[in-house]
Every structure is written in structure tokens, then in C-alpha cells.
Amino acid sequence: MAPVSLHLLHRARPSLPFRDGGGRPASTTGLLPWRRQYWSYTSARMRLSMPVSAVAAETPPLPRADDDETSAPADEEEEKFDWLDQWYPVAPVCDLDRRAPNGKMVLGLRVVAWHDGGEWRVVDDVCPHRLAPLSEGRVDGKGRLQCAYHGWCFDGHGACQFIPQAPALGPPVHKNSRACVASYPSVVQNNILWFYPRSEPEHSDVLQRKRPPYFPELDDPSFKAVYGVRDLPYGYELLVENLMDPAHVPYAHRGLFPEDRKLDDPGRVEFDQERGGPFKMKIENASIHGFHSNLDEDWGYFKFVAPCTLVGSPFRIRPVDHQGEEKKQQPEVTLVFFCVPVAPGRSRYIWANGLYVGRWFNITPRWWYHSITNTVLDSDTYLLHIEERNFAKVGIENWHKACYVPTSSDNLIIAYRNWFRKYCNHEIGWATPTVNQLVPPTRTRVELLERYWSHVKQCTSCSSALKGMRALEAILQVASFTVIGFLAATKGTIVMAAVQMAAAVLLFAASRWITNFIEKTFYFQDYVHADK
């Protein structure tokens, strides 16, 4: 369920400039340090293969679902989206380890988040000493980030506080500007850690000018929000596109959601097994900042806040029965999705979904909801991974020629592609040079659908559940062998022996069931559409 950047830069990374400005190679003269540079790809685009013969040399504007709805005022025609002047989610705070560094990649930039005892901090994930990753280090007793390679320590502003190898009575080399690491503005909002990918001093007070999107429902105690995160093997564009597409749900996720046949489709005499149907979507307020869509009267609304945020209530709130009589008020479903561009061919999906509900919802463990969400994500991951490579073959700027989108069900997709073309020129403004990751052949299904590294490792609830189930698995196995040993060591009646043997078999069978459950829930479970 997610997209990737299809125009990838093929250029060598420039030599690292010295922090004092001296010794900078000629090829990087006049550029900002590589960690802060806004890299443009308009002059160095690379195709994965030759375009198909049907693709014309010049590309007319993308088709619009409603020209009057999606067109912007003339004075915005030349406005370009600044990818570095945005806030990006790092992770839900509940999934960050307060006792250790948490390494992440966002917008091609490797950063590390840690808690210094007072607040969350975000800095570059590279030690200025020998460029080792700080995310492999630790948080010392003073709340400083310590590099695991040589023990250099940094505070929340990126300033070096201690160099063990420097003599105590020698010159204060740790105060040199070259000993510092770039620090980024960060804030916790809606229980999510956000950071701003500019480290220059003039951006230190960016919160006074611009804040991340805020959703009061997520801070409402009566609203049960389930947070989660998963890394996906396809790019940002496809992730956004997929989450905007309600029409694919009964097919790509067959059997995972309740069937809901459309009731008001005049002239329809044929229904497929999946109960698919048309969606009426009206795009409103389209601008550089995103757009809003009111779905048909049965389905609610949807909003895109550029570049990462999708929020809406896609399910009917007041359903009606077949006679048109209003039924009992249903819980309101609010979905908040964050689509994070990680690197070309990679994205991160962060969600905060929930309901205004009763107590029963609160007793269900968080990891159980994650297992359901992971199954949903697995069901179309392979489709999107291949789709991304097919887009790369024809060129993403030729999207409107390669794709046939004749119905209003695709209006959200068209609106997003119009936004991406008009304000971004079909490109993501990566914070650092990126390497083309679409060239290697398609990975296996086991690699694409693996859950441990993409989710479980970075989820506190699922990690704890996995540990608990591993312990239960071991206990059941030990108990089964203990019963067998006790049976062999004692002399009892035939009935008692039969009972003990049955208990041993049941204990061992239970341990094997747990083993299989662990594999499917926390590591890998294939999803074959033909079998659904």
C-alpha cells in the first residue's frame, strides 16, 4: 500500500566538506554541507529502461477529474513545493525506546532520536569523529548520546560534551565546531515525534512559524487511538496513492473487511462476489498544501495535507437500512495516516486509527490490532512493488498515458497525481543524494512480506508479545517432556499412563501451534489472492 520515487538520481556523492569551510573540493564549492543540502534531480534523471513506444516525447498535463475543482489560481502556477520546509513524523512515542538511541531514515536523511531525560532530541546519525552511526550507541547516565565506537558524547543540541581520548588538562578540542553533530528541531504532538529537516541556526525557532498537522481527536481521552508503524518496500508516491483508493479494498484485501454492496447504482443488474461499486468523489480546495474530498453520502470525507498526512472517515457514520430508515448511531471511525518518504523504493507507514467506543475496545491488546493491519498491508504489498517498477519503465511523468482512469472512483488518485506534477514536477526533494534502488531485480515474496524488521523490531507492543510467546512456547515444550520423563520414571496404572501421555501430546501440540502462530504473526505470512 505505498509508493516510491520513480525518478532516481545517478550521481556520485560529493566529498564531505570540512565544517570550518576549508579544504572543500572544487566540485562542492558554494554548496551547503551535504547533510543540509537540498538535492535537485531535474538535471540528472535516470530511467530504468527505455520508454514504451506508445509514450510521446512531450507530456501534456494530466487529466483531471474535474478541471474546475482541481485547478489552482493562476498566481500559483509557478509555485513549487519545498520538501525541506515541512515537518516529518519519526515514530509514535510509544514505539521509541527512552533508554536507547532510535535510528530512522526520513527523506533520505539518517537521523537518530533519543530522550535526554527532559525531552526527545533528533540529530544526524553520524559521529563527526569517524562517521560511525550514533544510533548504534547508547544514552549515558547524564542523558547524553554516546557513540559506541570511541565514546564521544553529545547533548541534545548536537554539541560535543566529552571526548575520552582528549587529555583532561589539554586543549578543549570537544568545543571545536567540527566536533559537533547537526541537530534538528523536534516536537512531540499527538503522541508522535516530529522533526524538521533543516539544521541551520535560522530554523531553530521554526515552531513559532510552522507546526505539524494537529488532530484533537488523538488527544481526546474518549477516543481510542491505536498507533503503529511499518516500513514498506515501495515508495512514497504509491503509498499515498494506495491509501487514497477505497475502490481497491474489496479486491486487494478480499476477506479482510466486511462486504458492503452499493445500494444506489441505477441500472446495475450484475454484482461481483466482492461487492465492488462506484464512488462519487468531489475534489475541493486543491492547492499546494493539499486538497479535500467529500465522498458520496454513504462514505464520509477524506483530506490530504501535503506531504505526509491523510485523514478521514471513510466509513458511513449513520448507515440506513434497505427501507431508508435510519439505524442506530454507529461509532465514528477516524483514520489518520502518515506517509513518510524514506528513500527511493522505500516508505514508512505510520497510522493512528480509532473509534469513540466503549470499554471492550480498551481490553484488546495493541499487538492484536497490529497483526490485523499487517495482514492488510501484506495483501497488496507485492502488487505495489511490481506496479512501481512498471511505472518506472514508462516514466512517472507519463502516468496519465500509461493508466486508464475513466471513473470517479479514481478522482482522489488523479487529484494527487495533479498535485505531484504541478507542485513537485513528479519528484521528491530528497535531503541527501539517493541511490537508485529500483534497478535490482524484484525481491522474493518472503523478503517483501517479512514483518520482523519492518514492524516488530520497531514496535514495543509486538516485541513484548513476541518475547512472551517465545517464553510460553518454551514452557509448553519443557512441560511436555517433563510429563514424558515422569511417565517413564514412575509405575502407574494403564489409565494414569494414558492420561499422562495424552497430557504430554497436548502440551507439545500447543507448543507447535504457538510456534506456527509466532511465525505467521511476527515474521512472515503469505497472501495468495487466488486462494481467498
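Student: Trp419: buried or exposed?
Tutor: Buried. The model is predicted, and in it Trp419 has a relative accessible area of 2%. That is under the 20% cut-off, so Trp419 counts as buried.

Student: Which ring pairs with Trp419 edge-to-face?
Tutor: Phe304. The two ring centres lie 5.3 Å apart and the planes meet at 85°. An angle over 60 degrees counts as edge-to-face, so the pair gets that label.

Student: Where do Phe304 and Trp419 sit in the chain?
Tutor: Phe304 is in strand β17, residues 301-305, and Trp419 is in helix α6.

Student: Which residues make up the ring cluster here?
Tutor: Ring pairs join Phe81, Trp83, Tyr236, Phe291, Phe304, Tyr416, Trp419 and Phe420.

Student: How many aromatic pairs does the count come to?
Tutor: 23 aromatic pairs. One of them is Trp194 with Phe338, edge-to-face, with 5.3 Å centre to centre and 90° between the planes. Trp194 lies in strand β13 (residues 192-195) and Phe338 in strand β19 (residues 333-343). That pair spans 144 residues and links distant parts of the chain. Trp194 and Phe338 are both buried.

Student: Now charges. Which ring does the charged end of Arg417 sit over?
Tutor: The ring of Phe391, 5.6 Å from its centre.

Student: What about Arg445, which ring is under its charged end?
Tutor: Tyr382. The charged end of Arg445 is 4.7 Å from that ring's centre.

Student: Switching to loops. Where is Ser409?
Tutor: In the loop between α5 (399-402) and α6 (411-424).

Student: Is Ser409 buried or exposed?
Tutor: Buried, at a relative accessible area of 8%.

Student: What does Ser409 touch, leaving out residues up to four places away in sequence?
Tutor: Asp245, Ala247, Gly277, Pro278, Phe279 and Met281.

Student: On to sheets. What is the strand order in the open sheet with β4?
Tutor: β4-β5-β6-β11, four strands with antiparallel pairing. β4 (102-106) and β11 (183-184) are the edge strands. Each has a single partner, so one side of each has no neighbour in the sheet.

Student: How many bridges join β4 to β5?
Tutor: 5, and the two strands run antiparallel. β5 covers residues 109-115.

Student: Which residue in β5 stands opposite Gly103?
Tutor: Val112.

Student: And the open sheet with β7, what order does that have?
Tutor: β7-β8-β9-β10, again 4 strands with antiparallel pairing. β7 (138-139) and β10 (160-162) stand at its edges.

Student: How many bridges join β8 to β9?
Tutor: 2. β8 is residues 145-146, β9 is residues 153-154, and they run antiparallel. Gln146 stands opposite Cys153 in β9.

Student: Whole chain now. How many helices and strands?
Tutor: 9 helices and 20 strands.

Student: What share of the chain is buried?
Tutor: 49% of the 532 residues.

Student: And what share of contacts comes from residues 24 or more positions apart?
Tutor: 70% of the contacts with a separation of 6 or more.

Student: Last one. What does the accessible surface come to?
Tutor: About 26,300 Å² for the protein chain, with 56% belonging to carbon and sulfur atoms.

Terms used
Residues are numbered from 1 along each chain as its sequence is written. This is a predicted model: local features need pLDDT of at least 70, side-chain atom pairs count only at pLDDT 80 or more; totals for chains, interfaces and linings use all residues. Side-chain values use heavy atoms; hydrogens and water are left out. Two strands pair if DSSP finds at least two bridges between them. Buried means under 20% relative accessible area, exposed over 50%, partly exposed in between (1.4 Å probe, protein chains only). Contact means heavy atoms within 4.5 Å. Rings of Phe, Tyr and Trp (its six-membered ring) pair if their centres lie within 6.5 Å; planes under 30 degrees apart count as stacked, over 60 as edge-to-face and the rest as tilted. A charge sits over a ring if NZ of Lys or CZ of Arg is within 6 Å of the ring centre and within 35 degrees of the ring normal. Accessible areas come from the Shrake-Rupley method with a 1.4 Å probe; for residues, only the protein chains shown count as cover.
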